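Dear colleague,

Please find below the structure that I am handing over to you. I would be grateful if you kept it open while reading the notes that come after it.

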Amino acid sequence: MSDDFQRRTSEQLISFYTQFRAELDQKPTTGRCMPYQWWERPGRLSGIWMVWDQMLQEYARELANIINDLTNHVDRLRAWHIVVDPLSDEGKLAATHEFVDQLGTIALGLPYAIKSRFAVAAGHLCHQANMSKGIDDWKDEFPEGNLYLHHIEPFGNVWKKFRPFVLALEPLAGQKFRDASANFRHAYNHGFSPNFVVGVSGSVERKVGNDGRVGYTFNQSEPFTLAEVADVLEIERDHCYRAFEAFQELIGEQMDRIISFESVPPN
């Protein structure tokens, strides 16, 4: 590869990124920013709530961070769409290779990560807050490994705000998202996913019928446009906002109960 070719390639990529920043900077953010340190508690809590308190600080901050990342990624995808859509196939390939592929891959994986983090946060916080329901009966027993909503339900069902939280969270990264994204995360990690912007991807699928006969199907997938990806992720982003609000309500209920527990003098 000649020095002149590398120089021209670099100049082209710099031009693409400059256009992207101009598009991104001139358009207002389409979503919302999840707040930080949104809860209040009077005074200091006793030592038995140290784990709950520290978990709340860490989990609430990281949930806000990752949801805000998704909001920003939606805006970035829309800005990149404006830049790459009119380009030649050669220009699209250069832009996607340098900028878009990584952004799109990460963005389409975020709804699953956010849903899992909500489950971890709500599950552990409910478990710790359950001490306020009767500390003498509380046992520090909690499932290990990956947590899904059905794992944490026994710990959350004692809270009135837990069911609304679950109902708000369930649509996130659900079947509608898997269908709309061509089950991108699964295909990317376990097979061959559709491309972004340019390039038809094909796959040969082997199937065994009920009679034992083997057959093969030949499929091809058109590339995602970045506007399509942004549209799909905007729906997931709004699911995140509703889940975050329901999470805040759940924590508010726990905080009220803990404060009430603290105000009762020991026997």
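Predicted model: local features only at pLDDT ≥ 70, side-chain atom pairs only at ≥ 80, totals over all residues.

Helix packing

I begin with helix 2, which covers residues 50-84, and helix 3, which covers residues 89-129. Their axes come within 9 Å and cross at roughly 155°. Because angles over 145 degrees count as roughly antiparallel, helix 2 is described as roughly antiparallel to helix 3. The crossing in which helix 2 passes helix 3 is left-handed. Sorted by class, the residues in the contact of helix 2 with helix 3 are 26 nonpolar, four polar and five charged.

Helix 3 also packs with helix 8, here at an angle of about 15° and with the axes 11 Å apart. Angles under 35 degrees count as roughly parallel, and helix 3 and helix 8 are therefore roughly parallel to each other. The crossing of helix 3 and helix 8 is again one to note for its hand, which is left-handed.

Salt bridges

The count of salt bridges in the model comes to nine. One of them joins Arg 32 and Glu 245, whose closest N and O atoms are 3.1 Å apart. Where in the chain do Arg 32 and Glu 245 lie? Arg 32 belongs to the loop between helix 1 (3-26) and helix 2, while Glu 245 is in helix 8, residues 226-263. The two residues are 213 residues apart, and the pair thus links distant parts of the chain.

A nonpolar patch on the surface

Finally, I draw your attention to five residues: Val 204, Val 208, Val 214, Tyr 216 and Phe 218. Together they form a nonpolar patch on the surface, with about 540 Å² of accessible area. Which strands supply the patch? Strand 1 (201-208) and strand 2 (214-221) each contribute at least two of its residues. Strand 2 provides the largest share, namely three residues. Val 208, by contrast, is found in strand 1.

With kind regards

Methods
Residues numbered from 1 in each chain as written. Heavy atoms only, no water. Patch = residues over 30% accessible without salt bridge, like charges linked within 9 Å, V, L, I, M, F, W, Y side chains within 5 Å. Areas by Shrake-Rupley, 256 points an atom, 1.4 Å probe, with all protein chains shown as cover. Salt bridge = Lys/Arg side-chain N within 4 Å of Asp/Glu carboxyl O. Helix = DSSP H or I, 4+ residues; strand = E, 2+ residues; numbered from the N terminus. Axes fitted to C-alpha atoms, helices over the stretch in contact; angles between N-to-C directions. Parallel < 35°, antiparallel > 145°, perpendicular 65-115°, else oblique. Left-handed = near helix turned anticlockwise from the far one by under 90°. Nonpolar A, V, L, I, M, F, W, Y, C, P; charged D, E, K, R; others polar.
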